[in-house]
Amino acid sequence: MPHRHNGDPLDANIMEQIRNMPERPVPADFSARVMSGLQPKKPSAWMRFKLWLTKPRSFTFTPLQAAPALACALVLLVFGFYQMQGPSPENGVRLTSVRFVMDDAGKQATSVSVIGSFNDWKTEESSMWYDQKNGKWVLEAKLPPGDHEYVFLVDGNRLVPDPQAAMTRDDGFGNKNSILFVNGDHEQHI
């Protein structure tokens, strides 16, 4: 069978020599020696983590072994539920109904609000309503126990301490704040 070559006599001679070489059997441990000479490729940490995550695993346990884990899960669930409720006056502190009243028989004022330490001195949530029959401005609110400073804000620009409050405190700006004590069951003006 003719063999092709590029016409170079040297190439033809080499090919003939190779063709005439005796065939020797492959040693039995050839594959093992080749494989032992290769350096194992170590996967990156990310690849090992990914393999660990994606490899199916099976766990076996007894109910007694699972009891501590279930107890911990239950505690976390209850704690999480309690945290979601958050601390609010309705959930831990008993609120007391309080009634603020300011006399204004002739309805001299057009608007009155109660501002104080219990509402961060904001007027939005504490506008009083006028009781025509009794000639009084009235606001009913629920407050937590403690002492609360407050004043009436008349027509949005005039601060008036509660004339029915027995105790006032200087606010440091030349005004007097009324003091209301709430002990959990009822209000007290001192």
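Let's start at Ser 126, which sits in the loop between strand E2 (112-116) and strand E3; strands here are DSSP runs of E with at least two residues, numbered from the N terminus. Keep in mind that this is a predicted model, where local features need pLDDT of at least 70, side-chain atom pairs count only at pLDDT 80 or more, and totals for chains, interfaces and linings use all residues. Residues are numbered from 1 along each chain as its sequence is written, and side-chain values use heavy atoms, with hydrogens and water left out.

Ser 126 counts as buried because its relative accessibility is 2%, the cut-off for buried being under 20% relative accessible area with a 1.4 Å probe, protein chains only. What does Ser 126 touch, leaving aside residues up to four places away in sequence? The list is Val 112, Ser 113, Val 114, Ile 115, Asn 119 and Leu 139, with contact meaning heavy atoms within 4.5 Å.

Now follow the chain into E3. It joins strand E4 (residues 136-143) through 3 bridges, running antiparallel, and Tyr 130 stands opposite Trp 137 in E4. Two strands pair if DSSP finds at least two bridges between them. Zooming out, there's an open antiparallel sheet of 3 strands in the order E1-E4-E3, with E1 (96-103) and E3 (129-131) as the edge strands, each pairing on one side only.

Key:
Helix = DSSP H or I, 4+ residues; strand = E, 2+ residues; numbered from the N terminus. Buried < 20%, exposed > 50% of the residue type's maximum accessible area, 1.4 Å probe, protein only.
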